[in-house]
Amino acid sequence: MFEKVWEAHEVVPETPDTPAVLYIDLHLIHEVTSPQAFSLLRERGLPVRRPDLTFATMDHSTPTRTEQIFGGAPIALESAAKQIRELEKNCREFGIELLDLRHDQRGIVHIIGPELGLTQPGKTIVCGDSHTSTHGAFGALAFGIGTTEVGHVFATQCLLQRKPRTLAVNVANRLRPGVTAKDLILAIIGKIGVAGGTGHVIEYRGEAVRALDMDGRMTICNMSIEAGARAGMIAPDETTFAYLAATPRAPKGGAWEAALERWKQLPSDPGARFDREVDIDAATLEPMITYGTNPGMVVPITGSIPDRRDDPMFAKALEYMGFEPGAPIKDRPIDVVFVGSCTNARLSDLRAAAQVLRGRRIARGVQMLVVPGSQQVKRQAEAEGLHRIFIEAGAEWRESGCSMCIGMNGDTVERGRYSLSTSNRNFEGRQGAGARTLLASPLTAAASAVRGRITDPRELLDA
Amino acid sequence: MEPIRIIRSRTVVLPVDNIDTDQIIPARFLRTTTKEGLGRQLFADWRYDAQGQPNPDFVLNRPEAQGCAILVAGRNFGCGSSREHAPWALVDYGLRAVISTEFADIFRNNALKNGLLPVTVDEATSAWLLANPGVELTIDLERTTLALPNGTEVRFPIEAFARYCLLNGIDELGFLLGRKTEIEAYERRRSAA
């Protein structure tokens, strides 16, 4: 599948001396990694070659408090407000469509691309953001780029790229109840390591992957980068087509039929060869949770923190987390719960969290933030009454954005506090200087919020 | 961009694996619209304490680290976020090369576009460099060699086109703009299909 998409986008194939010139079908931009690329265009006197293939939103440094977006209150951080104004100005000047702060389709770039139907099978998609791998869930080749490369795509709609290797991750059998796509990808990263996918495009295959809905597939592909992979892909199928048929910007009428014909040719041929293959059995997995300072430091929730005292890196990570080797991970107290991010802030994620919280309250002393991935997810959740479940449970219900995943907008975790987060990175200081992050699924996050301690969600789902 | 041929410097050593770009420059310093001055925030959460004072134990704050242009780090340097602010901060601080056994893909691409040389070495060379901070090294990009103090030369891999651009101080955008004819032909083919 990867080879088919790659070859269809080669403007000039690679040689030993030069990388391939690869054509880009969709360029997504946001306020944080684009300003310096626009400056490059100005310095060189260049236009954006294909504004019609370029699409902008704002998500990273945007406020999530309603009054700062709709209520007339100023954006608390002036530096964030400046980035937002700069993106508005740049999009006006270069003729790029922007979903601005008050737009009813705004949201996290990797949530709205699929939601609007801009993300489609077989496309090449880039964005100045490593979690661009999310879009691979539709059988697109999608990867994160730096700001200089954002400038290259602006100016030429192309990138210079060496062809990556391929890695098949074959997931046999089905996930058990209470075990989700998030647990599966954490288990995969735990197995292959945070550099296990470096230089590769991963294709996720097998029964458990086929059984996932698009939201779950996006969660899987989203975290491909946490295994170091260039991209993650899942072959498009009826699930993909049904999702896209309901989106506003997917092809319509005759164009839809033609697209469908093309998309059905994309899946890897039987007997396709990969540079590497990894097998995993979904039926053996439990809810997973990280205990360290990278997403590969992960254990089943019923397990214990490993004991590798002689490894100084391991000791450093545990010291940062304030954990003892060999101790069970379950029942450790937590301070903050974050349900959000491009990994787990789609409607099904909010439904999962609400399923646990319905009729319950979060533990005293725990702060819980629920930040929908887009304004559309927010409206859908409100139409189902999910927001009332969250608010009655004692959680805060916010406007969409990256929020506490990266803490750029001021939604941060205090030094030394424990945050159970549905996001994608537990790096030191990721959610705020000195903050300690544990990554898990929305089910685990909600269950742990109720008890104020790390909780196996199956205990509350059975109750 | 300045051409790079030889980098000669003492090393500063950070013996940590999986140094992610959030450590290289934390996200709160990304609320900027320029590239300038990011060196001050390089490794900010390791380099400064909670009150913003320099942490005397951190290697970049020690007198012997001043003026070093080569950073030796543990495995898988630059993983995580795609932020180009990471190489901008490293270069602004004064570093010209990073040596590791492995680099994350996006970081490597970003580094090469900013005149920061990612030098990949084998485990044994890396272990020796990590255990011997402050040694004087010579990196020769023309010959793609790293010369150790005892005279031993270690070859390092680098993508041919990136090497050509760095040696000649040219950027890749000029090359891409020069492919205009091919790009237009591709767009015509696509819209006809």
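Modeller: Residues are numbered from 1 along each chain as its sequence is written, while chains are lettered from A and ligands numbered from 1 in the order written. The model is predicted, with local features needing pLDDT of at least 70 and side-chain atom pairs pLDDT 80 or more, whereas totals for chains, interfaces and linings use all residues.

Biologist: How many helices and strands are in chain B?
Modeller: Elements are DSSP runs: helices are H or I with at least four residues, strands E with at least two, numbered from the N terminus. On that basis, chain B has eight helices and seven strands.

Biologist: What share of the residues in chain B is buried?
Modeller: Buried means 20 or more other C-beta atoms within 10 Å of the residue's own, with C-beta atoms placed from the backbone. Chain B has 193 residues, and the buried share is 41%.

Biologist: Which residues of α9(A) are buried?
Modeller: Helix α9(A) spans residues 214-222, and eight of its nine residues are buried. Its cover includes α5, α7, β10, α8, β11 and α13 of chain A. The buried residues are A:D215, A:G216, A:R217, A:M218, A:T219, A:I220, A:C221 and A:N222.

Biologist: Are α2(A) and α6(A) parallel or oblique?
Modeller: Axes are lines fitted to C-alpha atoms over the stretch in contact, with angles from 0 to 180 degrees between N-to-C directions. The two axes come within 8 Å and cross at roughly 50°. Angles under 35 degrees count as roughly parallel, over 145 as roughly antiparallel, 65 to 115 as roughly perpendicular and the rest as oblique. Therefore α2(A) and α6(A) are oblique.

Biologist: How many charged residues are on the side of chain B that touches chain A?
Modeller: Contact means C-beta atoms, placed from the backbone, within 7 Å. The contact takes 42 residues from chain B and 55 from chain A. Asp, Glu, Lys and Arg count as charged, Ala, Val, Leu, Ile, Met, Phe, Trp, Tyr, Cys and Pro as nonpolar, and the others, Gly among them, as polar. The side of chain B has 15 nonpolar and 10 polar residues, and its charged residues number 17.

Conventions. A residue is buried if 20 or more other C-beta atoms lie within 10 Å of its own, exposed if 12 or fewer, and partly exposed in between; C-beta atoms are placed from the backbone. Two residues are in contact if their C-beta atoms, placed from the backbone, lie within 7 Å.
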